[in-house]
Amino acid sequence: MSDDWTGAIDCDFHPRAPTPRQLGAYLDDHWRDTVEVRGIDTWETIAYPANAPLTVRPDWRDSGADADPVKAAEATLDRFGFAHAICNCLFPVQAFRDENLAAAFARAVNDWLAAEWLAKDTRLRGSVVLPMQSTERAVEEIERRAGDPRFVQVLMLVFGEQPLGKSVYWPVYAAAERHGFTVGIHAGSSYHHAVTGSGWPSYYLEDYAAQSLGFHTQLGSLVCEGVFVKFPRLKVVLIESGVTWLPPYLWRLSKFWRGVRNEVPWIDRPPEEFVRDHVRLTAQPFDGPPGAAHIGRVMDQLQSDQMLLFATDFPHWQFDGDAMLPAGIAPDLRKKILTDNPLATYPRLKRPA
Amino acid sequence: MMLDAPLAPEADADQRSGPDAQSHLQIIDGDVHPALRSLADLKPYMPARWWDLLATYGTRRRHGMSFEPYPKSAPRACRRDAWPEDGGPPGSNLDLVRAQYLDHYGVAFGMLGPLGVTGQSEVNLDLAAAIASAANDWQREFFTRREPRLRSAIVVPYEDGAAAAGEIERCAPDPAYAQVFMLTRSSEPAGNRRYWPIYEAAARHGLPVALHVFGASGHPYTGAGWPSYYVEEGAGHSTSCQTVVTSLVIEGVFERFPSLKVVIVEGGFAWLAPLAWRLDKLFERMRGEVAHLKRKPSEYIREHIWVTTQPMEEPADRTHVLDMMEWIGWDRLLFSSDYPHWDFDDPFRAFPAGMAAERRKQILTGNAKAVYRLP
């Protein structure tokens, strides 16, 4: 396998989330006072426990690479010659139960990202964290960022209040489509519900494993509710979803649709076709069979060479050394994953920043 | 890895249906659904107190509906040709079950999977236990006593582990019961310790535990809330199946009950291979969190979990599903038809073309012999 990564676009890159106090400079007086008076010292979910092995790769943990744009670039962009990295900040705005708090913090997180990361390295691009507790507030946040070409995507979590295809969220998609934003759905939960339909699993390992189940739900919802019929230019990226779960789910969804399509008559072609036209996945983590021998068969199940987008998932520990893609991927496909597919998925990447 | 060579044309000879078929294949079906003619069928098997409660207040399930929150695609989700002339629902007339299914296809054994009013998902645990017991007696009297090809399931009120284990103790001595029966959407993930008395009792009696899709947990059916449509619920059953397998493995149920056999029913199967890959990878990263596990998740899955085939996944390229079968293991797949439901899989037509006759036979009949308690 070639080890040339020059020009690759890293579609999932995580600056270390700020603390509420670090966001103070980006909050107005009322919310800054709120943080002090109410003692909001930390605001973290159980999605990425700070000391869990998965959360930060050991060598990056030692150097503190995810807390500083210069060190982060040394570990990734400089070292491999990436053209861009798209920053997905996982400060858990979505976990607030109060939509006013959520909207204030979403705005602050996005301002913080622009000032502390995007302004410090011209290769970095950003995702707009949305307060999905309120569709109206989410649309306001999209409008606020639309004029800044460094923001290329709007970001939501895979587990929220309701499945994302529901019409209550359609104004978000209308705004995203209008401004050329790609819609990113990232692993993680608002924890307004248990992560499984059978309640709370005991172990972090199970919580993380269950993230891929949320992506099943969202794909089914986006397709069946007709989001891609209503918004034909919309592109959705499933970020940190794993990859190999997708074909078996599409086989089921398409089979059920054939059986009961009279329930969703606006879906006039097989769900898998909508997915191939509108949905992309980041390539880390890649939950593949051991060894390189079967990778070609697994890739063939995707039935498209346009589905996967390169991602390091920095600083999460998804791979060791420089093995950023699974071994066994053909050179032509590799090139598409590294650059062609991301460029085709993020129209705002082509705008001069 | 080599995939099976395509079938030679003459190998299709054993796809004949009708009486001839009996001499060729002894089909074992992991999922056949019996039905009550009416609720009154349960009355003889229920103490008056519980019957009165049921008759007065009805079932009260953990999704707030008396039946199901998603309207089905057809009345009772059944084949339109499976309604008996006596006016009862599909699955309630043994003669029709025999003629339309058992005799027609030459089925050697069919595992009954009672759904509907069985006490499972009921919020009142005492009532749940009483209905489950009645459902077990009813199966025995209406079906298995009269038709030895049908085998009973021990329906357990699984949200009450002690009562469920008690029901297993009560039924297990009767060889007509071939398995223990739970639903995938439990109130806690299926490996949690409140359910261990069930696994302990099942393992002690050498009975496999079937976890069939559906059930109401008290949570939205997904971690992201309630989907709108039946098509989403149907496709999404594979997610609750994955929750079951993940929880059983990661909680260490198979370390604790090393002889336990688990069958996942009506969720398809292709999801199992990617799930095993995902769990192995996470195990490698975080085995310190789950130090009670002595082996990789995929090894427990390979040894303890079976999956029924219906609804058979149908990718455009049939080799994709054959790959999945290979990765899961040919010995882990059990044929199921889901008779008399609308998405019935015909034992002679459901398998992907190009599958070797030997493999098909293994899934239709051979594998099941290692799983179920059969005569």
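Guide: We may start with A:Tyr191, which lies in the loop between β5 (182–189) and α8 of chain A. Please bear in mind throughout that this is a predicted model.

Visitor: What is the value of phi at A:Tyr191?

Guide: The general idea is that most residues other than glycine have a negative phi. In this structure, phi of A:Tyr191 is near 55°, a positive value in a residue other than glycine. The relative accessible area of A:Tyr191 is 9%. Buried means under 20%, so A:Tyr191 counts as buried.

Visitor: Which residue of chain B has a positive phi although it is not a glycine?

Guide: B:Glu266 has a phi of about 70°. The loop that holds B:Glu266 runs between β6 (262–265) and α8 (272–286) of chain B. B:Glu266 also counts as buried, at 8% relative accessibility.

Visitor: Where is the peptide bond cis in chain A?

Guide: The general idea here is that most peptide bonds are trans. In chain A, the bond from A:Gln284 to A:Pro285 is cis, with omega near -5°. A:Pro285 belongs to the loop between β7 and α12 (295–301) of chain A. In chain B, the bond from B:Gln310 to B:Pro311 is cis, with omega near -10°. B:Pro311 sits in the loop between β7 (305–308) and α10 (318–328) of chain B.

Visitor: In what order do the strands of chain A form their sheet?

Guide: Strands of a sheet pair through backbone hydrogen bonds, either parallel or antiparallel. In chain A, 8 strands form an open sheet in the order β1-β2-β3-β4-β5-β6-β7-β8, and the pairing is parallel. The edge strands are β1 (9–13) and β8 (308–309) of chain A, each of which pairs on one side only.

Visitor: How many bridges join β7(A) to β8(A)?

Guide: Strand β7 (residues 279–282) of chain A is joined to β8(A) by 2 bridges. A:Leu281 stands opposite A:Leu308, and A:Thr282 stands opposite A:Leu309. Strand β6 (residues 236–239) of chain A also pairs with β7(A) in the parallel sense, over 3 bridges. In that pairing, A:Leu238 has A:Leu281 as its bridge partner.

Visitor: Are the faces of β7(A) covered or open?

Guide: Both faces of β7(A) are covered. A:Val279 and A:Leu281 lie on one side, A:Arg280 and A:Thr282 on the other, and all are buried.

Visitor: What is the relative accessible area of A:Leu309?

Guide: A:Leu309, in strand β8 of chain A, has a relative accessible area of 0% and is buried. Leaving aside neighbours within four places in sequence, A:Leu309 is in contact with residues including A:Cys11, A:Val237, A:Thr282, A:Ile337 and A:Tyr346. By C-alpha atoms, A:Leu309 and A:Thr42 are 33 Å apart in space and 267 residues apart in sequence.

Visitor: Which strands stand at the edges of the sheet in chain B?

Guide: In chain B, 8 strands form an open sheet in the order β1-β2-β3-β4-β5-β6-β7-β8, with parallel pairing. β1 (27–32) and β8 (333–334) of chain B stand at the edges, each with a single partner strand, so one side of each is left without a neighbour in the sheet. For β1(B), 6 of the 6 residues are buried, so the strand is largely enclosed by the rest of the structure. β1(B) and β2(B) pair over 4 bridges in the parallel sense, and B:Ile27 has B:Val107 as its bridge partner in β2(B).

Visitor: How many cavities of 30 Å³ or more does the structure hold?

Guide: The structure holds 9 cavities of 30 Å³ or more, and about 150 Å³ of space lies in the largest cavity. Of the 15 residues that line the largest cavity, the closest to its centre are B:Thr222, B:Pro227, B:Glu232, B:Glu233 and B:Gly236. α8 (204–224) of chain A and α6 (230–250) of chain B each supply at least two residues of this lining. α6(B) gives the most, with 6 residues. By class, the lining has 4 nonpolar, 8 polar and 3 charged residues.

Notes:
Residues numbered from 1 in each chain as written. Chains lettered and ligands numbered in written order. Predicted model: local features only at pLDDT ≥ 70, side-chain atom pairs only at ≥ 80, totals over all residues. Heavy atoms only, no water. 1 Å grid on protein atoms, 1.4 Å probe; cavity = no way out; pocket = protein on both sides within 12 Å on 5 of 7 lines; lining within 4 Å. Points joined across faces, edges and corners; volume = space filled by probe spheres on them. Nonpolar A, V, L, I, M, F, W, Y, C, P; charged D, E, K, R; others polar. Pairing = 2+ DSSP bridges. Buried < 20%, exposed > 50% of the residue type's maximum accessible area, 1.4 Å probe, protein only. Contact = heavy atoms within 4.5 Å.
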